[in-house]
Amino acid sequence: MVESASETKRLGRATRRAAREAEVTPRLSTVRYRVKPVEVVSADELDRIHCASLKILQEVGIDFRDEVALAQWKAAGADVRGQRVHLDGDLVESLVAMAPERFAMTGRGADTDVEIGVDTLTFCAMQGAPNIRDLDGTRRASTIADLRKINRLIQMSPGFQIGTGFACEPTDIAVPWRHLHIMHTNLVDLDLATNGLTTGTARAEDCIAMARIVYGRAFMDENAVLWGMISGNSPLVWDATMLEGLRVFALANQVVLIAPFVLGAANTPADVVATVAQLNAEALAGVAYAQLVKPGTKTIYGQYSVSVSMKSGAPISGMPEISLLNGIVGQLARRYNIPWRTTASQASSKLFDAQSGYESATAYMAAVNARANFLLHAGGWDEAGMVHCLNKLVVDGEQNLLMAKYAQGVSFDLLDEALDAVRRVGPGGHYLGDPFTLKHFRSAFIAPEILNYEAFEQWKAAGGKDMPSRAREKAEDLLARYAPPALDPSKREELDAFVARREQEISPNLA
């Protein structure tokens, strides 16, 4: 049977597409910003916010609901009245100045090291969702199998540079044991530096101990392989659970991410500038305390901020006020010369739909334009964090590659060579067959795989698949090709034994 010309062309396109998809995209290494940051306020206005934060810490004070922390603050010369700590501005600034401007995080796989600094960009998928929207669109409570699936997708997606830890809550594992199984998959199914849980001394120590089995204690004494989320309770509270975890991670030479939890107009004033002043006071107190525990602690200035609907009280994503807030927080973090974190792909949508895409796109661009250094929740976030959407996870992984390309700005390295092409082609010609184009077209313009740019007829002939369908196919392909990263069998056995032993020690009646 003789093929028609159109059939031959279609097969040719399919062959080329298959060849492109077979190419392995290398994982993002350290991304360095070249684009200039958006600055929302002037230098004088930024100074007003900084001074307002210091006034809050000195005049109002901040609660440290932890006896160890209170004793440490008192020994440092702070004004401690019960659980309320009043902090002098000079003390705060002297401690914050001890935080390093950059540090490395090290995974156990090849090319998994990443630098986190005041001029870099790191992508990390979402964490904390109690529910999953599976590849078929079903929404349900998440399980340990789902967490392992997410970790495998992260491992296979080059747009994620670091592990997110509890990407979802494995609700089928009893709470007293849950952190053990979360940490187990983080160390077995991933070879990236990753998150460890910090909710109290015992859980934090378990996570450090498990990582030491895999990496070795001596290695971790010199290298950061884990980061821990230290969440504040706005307004103006740091509680014992989080402070305990902070101390464990800081003393183990691991990274602490200090993160006030801001619901604008609910636990902060109903004003962008005043909200920033309060969250900055909370963050500065947390960063300063980390340095009080151990000078030089690897610290990320963090914040999770959303505005709140004045109709329902629900958190809402992708709003202009939060974009402006991010810009100001970025300016403050650069003033203090420490890396900072924001939320990248957050959305309130109940489906992976246009609303989800719009909200996430706004959050992404606001974060990168503010030159955020650690983009948490850069993958999978829907329903205000109540759902981890697996199809969105793989699409966001591709978006991370696009955001990285944008953040790195433009290069002038090829300008002279390109001008030679202009001379060759001249008026009225085209560049498609020019040697310069043939040499550089692959690197000149990024080519997403999941986003579709075919003509309508081509798209229709290929099945007319919408974004969730294409994302599902991509996710299924990644999972089919996943192979566990190499791990010494003796370390795996020791890790398994640790989990079994700690389960019995923590709560034998659950067995």
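**Entry 1: helix H13 and the sheet**

I began with helix H13 (residues 390-407), which lies across strand E8 (131-133), E20 and E21 and runs at about 60 degrees to E21. I note that the model is a predicted one.

I then looked up the sheet to which these strands belong. It is an open sheet of 4 strands in the order E9-E8-E21-E20, and its pairing is mixed. Strand E9 (139-141) and strand E20 (381-382) stand at the edges; each has a single partner strand, so one side of each is left without a neighbour in the sheet.

I followed E20 to its partner. E20 and strand E21 (residues 387-389) run antiparallel and are joined by 2 bridges. For Trp-381, I found the bridge partner in E21 to be His-388.

**Entry 2: Asn-400**

I returned to H13, in which Asn-400 lies. Is Asn-400 buried or exposed? I recorded a relative accessible area of 0% for Asn-400, so this residue counts as buried, the cut-off being under 20%.

I next listed the surroundings of Asn-400. Not counting residues up to four places away in sequence, Asn-400 touches Leu-28, Phe-123, Gly-159, Phe-160, Tyr-364 and Ala-378.

**Entry 3: Gln-127**

I located Gln-127 in the loop between strand E7 (120-123) and E8. Gln-127 is buried, its relative accessible area being 7%.

Which backbone oxygen lies 2.6 Å from a polar atom of the side chain of Gln-127? I found that of Thr-164.

**Entry 4: helix H10**

I turned last to helix H10 (residues 272-293), which has 22 residues. From its first C-alpha to its last, H10 reaches 32 Å, close to the 32 Å expected at 1.5 Å a residue.

I then asked how many of the 22 residues of H10 are buried. The count is 18, so H10 is largely enclosed by the rest of the structure. At the N-terminal end of H10, I identified Asp-271 as the cap: one of its side-chain oxygens lies 3.1 Å from the backbone nitrogen of Val-273.

Technical notes:
Residues numbered from 1 in each chain as written. Predicted model: local features only at pLDDT ≥ 70, side-chain atom pairs only at ≥ 80, totals over all residues. Heavy atoms only, no water. Pairing = 2+ DSSP bridges. Contact = heavy atoms within 4.5 Å. Axes fitted to C-alpha atoms, helices over the stretch in contact; angles between N-to-C directions. Buried < 20%, exposed > 50% of the residue type's maximum accessible area, 1.4 Å probe, protein only. Polar contact = N/O pair within 3.5 Å; in protein donor to acceptor, adjacent residues only side chain to side chain. Expected span 1.5 Å × (residues − 1).
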